Amino acid sequence: MTHPTADSDGLRWQQSMTRSLLGDSVEYHALLDELYGVVGAYLRRMLGDSPFLEDCVQECLETLHRNRHTYDVRRPFRPWFLTLVRHKAIDFMRRDRSRTTSPLDESPATKAHPTPTPEHGLDAATLLSQLDPMYREAIVLTKLNGYTTAEAAALVGVTGTALRTRVHRGLRELSHLLEQEAAL
Amino acid sequence: MNRKQFIDQLAAEPSPAKRLSTGVAIALWLAASCTFVVGATLATGDLRPGVGEQLRDFPRFAMECALGLVAGIVVFRTGLLLSVPGRLRWRRAVPLALALITIWIGAYIYGLWSPALEPSMVGKRPNCFGETFLFSSFPLALGLLLVARRAPLQRAWVGALVGAASTSLPALMMQLACMYDPRHILQFHLLPVLIVGLVGGAIGSLVLRRV
């Protein structure tokens, strides 16, 4: 069952988006401002306190803005909005590794003393905590803590291929969890 | 860029052009594609002699044709709706669309043992296989253009659905213009539906923009 607040928010957003699409830029500004906070909270729950959270929020809103013409004003706003945010978040996580392993970001100190636990910085209530521990560990090591596949595989004690498979399956499971969440 | 600057910048852009509704897009695709396919088929040969009577007198044959048309429209509609974020659940919509195509093909597989019409070489077109591919090019291009105006998240699946739907129209037309024999139909008219479906998936993932 949908939460009453979520229902009323969804309805308000739907009306706001309808007016925005008719050219009301003040309304659109207010809507984007509100959604900025909503997307931020949603992604924080999903990714924990990632240093790239702000980038991801802006990327999600930019995608939403670029594709706003696809929103059908007769239909609920939330499924459309959450599907785009979820899609971008997963996309962002896939690309995130290259950013987290950028040579400029890697000081020798952080390399020599990596974060002690893979779950560092994650709230127990995040969606990641619902993943199979094997997949969660692979995602946290490579996507959040910035290890290369080879480094993460050595830490976990599996081959690089096995680790890549775990990351891939973990992201797929995460996508399913997000879909279920969006359906609520 | 900070939050305020970012939102100011987005909100300052003018409103986007309105998109075509799904109903209008389907009607446009169907009307233009049917015009092209029928025109191209008639330009390259005649309909099978007696096909009108066959449609009237053999309900199962008429049903096979109707099933093909419905499958094509439903599959295209699924591809179109999948191009709107959050509009359809992929796991429900795609199997349903594929099931319709399967039932359509299944009707001809059943026809191998019990054909709807007496198999005959009457009306055989020498190049029906190639023509089915060729005549699907316009519906495929138009279909991809229509979904590209939306925001397809599963680009390969959307391309595959548009590809299969696009080939179902010339395949259906060949049922009226070429010889009737379930084995021939499966091999030369319906196999292209599957092949263009696969090709459409590859094209979709390559040419449709990443959301």
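**Note on a predicted two-chain helical model**

1. Helix H2 (residues 25-47) of chain A packs against helix H3 (residues 53-66) of chain A at an angle of about 130°, and their axes lie 9 Å apart. Here the axes are lines fitted to C-alpha atoms, for helices over the stretch in contact, and angles run from 0 to 180 degrees between N-to-C directions. H2(A) is therefore oblique to H3(A); angles under 35 degrees count as roughly parallel, over 145 as roughly antiparallel, 65 to 115 as roughly perpendicular and the rest as oblique. The crossing of H2(A) past H3(A) is right-handed, a term used when the near helix is turned clockwise from the far one by less than a right angle, with left-handed for anticlockwise.

2. On the H2(A) side, this contact involves Leu32(A), Leu35(A), Tyr36(A), Val39(A), Gly40(A), Leu43(A), Arg44(A) and Leu47(A), and on the H3(A) side Leu53(A), Cys56(A), Val57(A), Cys60(A) and Leu61(A). Two residues are in contact if their C-beta atoms, placed from the backbone, lie within 7 Å. The residues of the H2(A)-H3(A) contact comprise 11 nonpolar, one polar and one charged. In this classification Ala, Val, Leu, Ile, Met, Phe, Trp, Tyr, Cys and Pro are nonpolar, Asp, Glu, Lys and Arg are charged, and the others, Gly among them, are polar.

3. The model is predicted: local features need pLDDT of at least 70 and side-chain atom pairs count only at pLDDT 80 or more, whereas totals for chains, interfaces and linings use all residues. Residues are numbered from 1 along each chain as its sequence is written, while chains are lettered from A and ligands numbered from 1 in the order in which they are written.

4. Chain A has eight helices and zero strands, and chain B has nine helices and zero strands. Helices (H or I, at least four residues) and strands (E, at least two) are DSSP runs, numbered from the N terminus. Of the 184 residues in chain A, 33% are buried; for the 211 residues of chain B the figure is 43%. A residue is buried if 20 or more other C-beta atoms lie within 10 Å of its own, exposed if 12 or fewer, and partly exposed in between, with C-beta atoms placed from the backbone.

5. In chain A, 63% of the contacts with a separation of 6 or more are between residues 24 or more positions apart. In chain B, 86% of contacts between residues at least 6 apart in sequence join residues at least 24 apart. Along the principal axes, the C-alpha atoms of chain B fill a box of roughly 75 × 35 × 30 Å.

6. The largest nonpolar core has 44 residues, of which Val75(B), Ile101(B), Leu161(B), Val162(B) and Ala164(B) touch the most other members. Such a core is a set of buried Ala, Val, Leu, Ile, Met, Phe, Trp, Tyr and Cys residues joined through C-beta atoms within 7 Å. H8(B) supplies the largest share of this core, 13 residues. Not counting residues up to four places away in sequence, Leu161(B) touches Val75(B), Thr78(B), Gly79(B) and Ala97(B). A second, separate core of 29 residues includes Met46(A), Cys60(A), Trp80(A) and Met93(A).

7. In chain B, helix H6 (residues 128-135) and helix H9 (residues 182-207) pack at an angle of about 40°, with their axes 9 Å apart. H6(B) is therefore oblique to H9(B). Cys128(B), Phe129(B), Thr132(B) and Phe133(B) in H6(B) meet Phe188(B), His189(B), Pro192(B) and Val196(B) in H9(B). By class, the residues of this contact are six nonpolar, two polar and no charged.

8. Pro139(B) lies in helix H7 of chain B and is buried, with 27 other C-beta atoms within 10 Å. Its contacts, leaving aside neighbours within four places in sequence, are Trp29(B), Ser33(B), Val37(B), Ser166(B) and Leu169(B). The C-alpha atoms of Pro139(B) and Phe36(B) are separated by 8.1 Å, although these residues are 103 residues apart along the chain.

9. Lys124(B) is placed in the loop between H5 and H6 of chain B and counts as partly exposed, with 16 C-beta neighbours inside 10 Å. Leaving aside neighbours within four places in sequence, Lys124(B) is in contact with Cys178(B) and Met179(B).

10. Between the chains, 18 residues of chain B are in contact with 23 residues of chain A. The side of chain B that touches chain A has 12 nonpolar, two polar and four charged residues.
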